[in-house]
Amino acid sequence: LDLPFFNNDPTGRLVTRLTNDIQNMNEMFTSVIVTLFNDLLRLLGILVLLFWMNPRLAAVLSLFVPLAIIVTILFARLARERFREIRTQLAKLNSFLSESLSGIPIIQLFGRQEASRQNFENLSEGFLHRSLRQIKLFGAFMPLTEFMSSAAIAIILWYGGGEVLQKRLTLGEVVAFISYMRLFFQPLRELAQKYSVVQSAMASAERIFQLLDTKSAITQPSQPARLQKTEGKLEFNNLHFGYQPDNPILHDISLSLYPGQTVALVGTTGSGKTTLVSLLLRFYDPQKGAIRIDGTDIATLDLRELRTIVGVILQDVFILQDSLFANIVMDTGCSRESVQEILDQTGMNRFVDKLPSGLNTVIGEGGLELSTGEKQLLSFARVLCRNPAILVLDEATAAIDTESENILEQAIADSFKGRTSLVIAHRLSTIRRADHIVVMAHGKIVEQGSHEELLKRDGHYALLVAMDLQNDQIIS
C-alpha cells in the first residue's frame, strides 16, 4: 500500500475497480476452473477410448484436435482484447456510479442531474458497444465449433460406413464413435459459453497483476539505521519537491525544530504545508534535499520505525468497525490501564464516559456513529498510545464543535509536553500556543518568528490573522 497512486485516489476509484476485478476472478475460480479440469479429463478419456476401439478412424478424427486448438487460440487472442476493453469500460462505469450515488446531494444542489445523466448514458453506450463486439465474436466461434462437430460425424458415417461394409468395423462401433464424438465436442461448446467468464477474468487478472508488479518509489533501506535514543530534533534541509518533477511544489525549504519545541506552520491553501508532512512520513521522497531526525536521514530509517517516531493527527480520521478500545490501541499493544491513563490525563474520559459501553462500545459501520469532534478525540488518543517523539497536527481541529474543542484544548496541551510538535492550523488559539511560527506561500518560507513579532512586521502572517478575525466576526 506504500504506492503514491493510493494517496492520489481520494474518491476510491482505484479501490472500486480492483474490487470488481477481484470479484470477477473469484467467479472464474469458483464456477469455471473446476469444470475446465473435468472437461479436460473427459476429452483425454474419449480420445483413449476412440484409439482403443479403432486406431485408424481415431487417427483421422484426431486431425480435428489441432484444428480445434488453432481456432481456440485465435479466438482467445481476439476475445482477450475485447474483454480488456469491456473491463476497462465497466470500471469507468462503476466508478462513476459510486461517485454519483455518494454525491447525490451535491449533484442536486448544483443542478448537475442532466450532466450526470448524460455522462452515464455515454459510459453505458460505450459499454454496450464493446459488449456487442464481444457477442459478434462469439457468434462466429459457436457456429464454427458446431461445423467441426458435424464434419467429424460426417467423416465417421463415410469412413465408418465403408469399414462396416468391409466388415472391419461393426455398426455398434460406428454408433459408439458418433456418440463419443458428440461428447468430445460438447466441452468445446461449453467452453465457448464459459469463455466469457474466463477471458473477463483474464482481463481482470492483468489489471490486478499490473498493480502487484508495480514497484513502490519508496524503498526500504537494505540495512536500516537505528536511533538509540530519540530526542526529537527535526531538520528540513534544502527541500525541493513536486508531484510532477517539472512542476515543483516546494522550493528550497529549510527548517529546524528542536526537542520539545512547538512550531506552527501556516499559510494559504496550496502553499505546501501538507506536502511537507507527506515528505516527513515518506509517502514521497524529495527530488532534492533531505529530512533528518536527530541527525539521521529518514531515508535510512525503517519505514515502520519512522512512522512510530512521528505521530500524525489528521483532519480525516479512519475508523475501524470494532470497539473504541481496539480503534485506539491499533497495533501498539497498549494495555487498557494505559489507555485509561491517557484518557484521564487529556480529559477525554468525559467523552468516553458518555458512551453506552465505554471503551467496549462498537463504533464505525454497524455500530455507534461518532461526531467529527469525537473522531478527533479518538485520533488524539490513538496517537498518544504510540508515544511518538515528534507530533504532527494537520488541521486536526479545523472542523469540530466548541464543546469538543474545549476538551481538545487539554488534550493538545498534554500532547505537546516533552514532544517536538509541528502544527498545521488556521485557528489562532492553536497557533498562539506555538513557540515559533513559520509562514509559507507558494511553496516557500516567507516569514518566521513569534506571534507578536510577525504581527509587528505587518506581512503575510498579519494578513492571515486579520482574515481569521474578520471571519470570526462574521460568524458571530
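**Helices, sheets and salt bridges**

Student: Which residue follows helix 8 with a positive phi near 60°?
Tutor: Start from what counts as a helix: a DSSP run of H or I with at least four residues, while a strand is a run of E with at least two, all numbered from the N terminus. Helix 8 covers residues 273-280. After helix 8 comes a residue with a positive phi, near 60°, and that's Arg 282.

Student: What pLDDT do side-chain atom pairs need in order to count?
Tutor: Residues are numbered from 1 along each chain as its sequence is written, and side-chain values use heavy atoms, with hydrogens and water left out. This is a predicted model, where totals for chains, interfaces and linings use all residues and local features need pLDDT of at least 70, but side-chain atom pairs count only at pLDDT 80 or more.

Student: Is Arg 282 buried or exposed?
Tutor: Here's the scale: buried is under 20% relative accessible area, exposed is over 50%, and partly exposed is in between (1.4 Å probe, protein chains only). Arg 282 comes out at 2% relative accessibility, so Arg 282 counts as buried.

Student: And which residue does Arg 282 meet in a salt bridge?
Tutor: A salt bridge here is a side-chain nitrogen of Lys or Arg within 4 Å of a carboxyl oxygen of Asp or Glu. At 2.9 Å, N to O, the side chain of Arg 282 meets that of Asp 285.

Student: How many residues of helix 8 are buried?
Tutor: Go along the helix: the buried ones are Lys 273, Thr 275, Leu 276, Val 277, Ser 278, Leu 279 and Leu 280. Helix 8 is mostly covered, and out of its eight residues the buried count is seven.

Student: In what order do the four strands of the open sheet run?
Tutor: Two strands pair if DSSP finds at least two bridges between them. Strand 1 (residues 234-241) and strand 2 share five bridges in the antiparallel sense, with Phe 236 standing opposite Leu 255 in strand 2. The edges, each pairing on one side only, are strand 2 (250-257) and strand 5 (296-297). The pairing is antiparallel, and the order is 2-1-4-5.

Student: What angle does helix 8 make with strand 1?
Tutor: Helix 8 packs on the sheet, touching strand 1, strand 2 and strand 4 (288-293); contact means heavy atoms within 4.5 Å. Axes are lines fitted to C-alpha atoms, for helices over the stretch in contact, and angles run from 0 to 180 degrees between N-to-C directions. For helix 8 and strand 1, that works out at about 110°.

Student: How many residues apart in sequence are the parts that Glu 85 and Arg 133 tie together?
Tutor: Their side chains meet in a salt bridge at 3.0 Å, N to O. Glu 85 counts as partly exposed because its relative accessibility is 23%, and Arg 133 does because its value is 30%. Glu 85 sits in helix 4 and Arg 133 in helix 6 (residues 113-165), so the parts they tie together have a separation in sequence of 48 residues.

Student: How many bridges join strand 11 to strand 12?
Tutor: Strand 11 (residues 436-441) is largely enclosed by the rest of the structure, because five of its six residues are buried. Its hairpin with strand 12 has two residues between the strands, and His 442 takes a positive phi near 55° there. Ile 437 has Gly 449 as its bridge partner in strand 12. Strand 11 and strand 12 (residues 444-449) run antiparallel, and the number of bridges is five.

Student: What distance separates the C-alpha atoms of Leu 227 and Ile 309?
Tutor: Leu 227 belongs to the loop between helix 7 (171-212) and strand 1, and counts as buried because its relative accessibility is 13%. Leaving out residues up to four places away in sequence, Leu 227 touches Ile 293, Thr 296, Leu 301, Glu 305 and Ile 309. Leu 227 and Ile 309 are 82 residues apart along the chain, and their C-alpha atoms are separated by 9.8 Å.
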